[in-house]
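I opened this notebook to record what I looked up in one structure. The entries follow the order of my reading.

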Amino acid sequence: MTAPSSVTPAQGRELATEIPGPRSQEIHARRQKAVARGVGSALPVYVEAAGAGLLRDIDGNTYIDLCSGLGVTGVGNAAPDVVAAVQEQVARFTHTCFLATPYEGYVAVCEQLAELTPGAHEKRSALFSTGAEAVENAVKVARAATGRAAIVVLDHAYHGRTNLTLGLSARNMPFKQGFGPFTPEIHRIPASYPFRDPEGLSGEQAARDALEVLERQVGGENVAAVVVEPIQGEGGFIVPAPGYLPEIARWCARHGALLVADEIQSGFCRTGAWFASEHEGIVPDIVASAKGIAGGLPLAAVTGRAEVMDAVQLGGFGGTYGGNPVACAAALAAIDVMRRQDLAAAARRIEKILTSRLNELASRYDAIGEVRGRGAMIGVELVRPGSKEPAPELAQRVVEACHAKGVFLLTVGTFGNVLRFLPPLVIAEELLSDALDVLEQSFARLGN
Ligand code: PLP
C-alpha cells in the first residue's frame, strides 16, 4: 500500500465528488455493521491525509479544517516536527510503562508543564492519556490534599465521559442519558453566561450569588475543589463576565478549597496565551491539560502546587499508558513548535480575522446573537431573530451548507446553537478567508 501524499496549503479547498463520496459511503456501510451506534461522526467522510489546515478524504475531497480534531492539532495535523519526533521515538522503544521502568521524556514534559502553566510556585505533574482521566485525577488530588469530599462544578460544564466526569458535566443529552447513577458529592452552581444573563450581573456579583447559595447548602469547609473551564468549551465557548473567576479564586482561598482549571480545550496557546487562566488573572492550584499538548497523540496532564500534588501517596497515581513515551516525544516537539512559531500570537491573529469578519456578518443577520471567544476559540451563537431563543436548526443547516462546500465546521453548546471555530493555530490566512467566504455565502442563502 502506498502512503497517501501529504496535504499542502497551496492545494486549498477542492471537491472531487458528492459528499460523502462513493468510497466513504462504502466504508460507512461497513461501519454500520461493526462500530457501535453510540459512536457518532459529525461528517462521515473517511480521512486519508491531513495537514496545514486541510483534511483530505479517500474520495479526493479536500476540506478546510475549522475543528482541529476537536481542538487537538493546534500545531497542525501531522506537523513535520511532531512526525519526526514520533518516528524517532517509536523506532527506539514504544512503551515500558513509566511505573515499571521510567524514561526521560516523561520528566521533560513535566518540566515544561511546570514552566508553562500559570504561577511561579513550585509544581509537580502526573501524566495520563485522556482529558477525562486528567480531570478524574485532579479530583482525586483535591480530595486527598484537603481531606474533603465536595466538588463544585458549573452549569454548562463539560469535563469528559467517564462516570465521574459525566457527573461533573452539565448536559444530559446525549452525554449522560441512561448512564447514571453518578458519584455523590458533586454540586453545581450557576456559570456566568453574559449573553443569557437576564440581570446583566457583574462577574463578581454572579460569583457571589452562586457561592452564597453553595455556602448555605454545602458549607465552604466541606468543599475540596471548585472545577472551572476558563472558557467553557462544549457549553458553547462561553467567556465568563470579567471578575467571575477571580471571585471564585478568592472564595476558594478563603475557604481552603482548591481551584482546578480544566484547560483541556483552552490550553496550549489556543486562546492567545499559553493557558486561558492568564486572561482571567487567576492562578489555579491545579491545571488539567490534554488535547493541544501533543499534536494529536493521546497525552493529558495534571499539574499542581507541589504540596498539593505530593499529598497523594506513592503509587496513588498511574495507569499502564499514562505518559506513553511516543506521546511524550510528540508533546516535546509540539511545545517546541508553539514556542518557536509563537502560536499564542498566531491565535491572536486568528481572533482578529475571525471576529472582524463574523461581527460584520452579525451586523447584517439578526440570527447572529453573539460572536465571542478568545484566540482561535471563537463561537457564534445563533438565535431566532428578535429574541434570544436558541436556533439549533439554523446552526445545523449552516454547518451542513459549509460541509457541502468543503469547509469543516461544527456546532457546539448546551442548546446546540453555536458555530464553533477551532482552527489549527498554523492555518494559512487565505484558507481562513476562503472558509469565511463560504460561511458568508451560506448565511446569504439561509440566514435572516
Ligand atoms: N474537559 C474539557 C474542557 C473538554 O473540552 C474535554 C473534551 O472535549 C474533556 C475535558 C475531555 O477530554 P477527553 O475527551 O480527552 O477525555
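Entry 1, basis. I note that this is a predicted model, in which local features need pLDDT of at least 70, side-chain atom pairs count only at pLDDT 80 or more, and totals for chains, interfaces and linings use all residues. Residues are numbered from 1 along each chain as its sequence is written, and side-chain values use heavy atoms, with hydrogens and water left out.

Entry 2, the sheet of 7 strands. I looked up the strand order and found β4-β10-β9-β8-β7-β5-β6, an open sheet with mixed pairing. Strands are DSSP runs of E of at least two residues, and helices are runs of H or I of at least four, numbered from the N terminus; two strands pair if DSSP finds at least two bridges between them. At the edges I found β4 (123-128) and β6 (186-189), each of which pairs on one side only. From one strand to the next, the twist averages 20 degrees. I then followed β4 to β10 (residues 300-305): the two run antiparallel and are joined by 6 bridges. Within this pair, Lys123 stands opposite Arg305. Helix α4 (residues 104-116) packs on this sheet and touches β4, β9 (286-289) and β10; contact means heavy atoms within 4.5 Å. The direction of α4 makes about 130 degrees with that of β4, where axes are lines fitted to C-alpha atoms, for helices over the stretch in contact, and angles run from 0 to 180 degrees between N-to-C directions.

I checked α8 (residues 203-217) against α9 (residues 244-255): their axes come within 7 Å and cross at roughly 35 degrees. The residues of this contact divide into 7 nonpolar, 2 polar and 5 charged; Ala, Val, Leu, Ile, Met, Phe, Trp, Tyr, Cys and Pro count as nonpolar, Asp, Glu, Lys and Arg as charged, and the others, Gly among them, as polar.

A cavity is a set of points on a 1 Å grid over the protein atoms alone where a 1.4 Å probe fits but cannot get out, and lining residues have an atom within 4 Å of a point. I found 4 cavities of 30 Å³ or more.

Methods:
On a 1 Å grid over the protein atoms alone, a cavity is a set of points where a 1.4 Å probe fits but cannot get out, and a pocket is an open set with protein on both sides within 12 Å along at least five of seven lines; lining residues have an atom within 4 Å of a point. Grid points are joined across faces, edges and corners, and a volume is the space filled by probe spheres set on the points.
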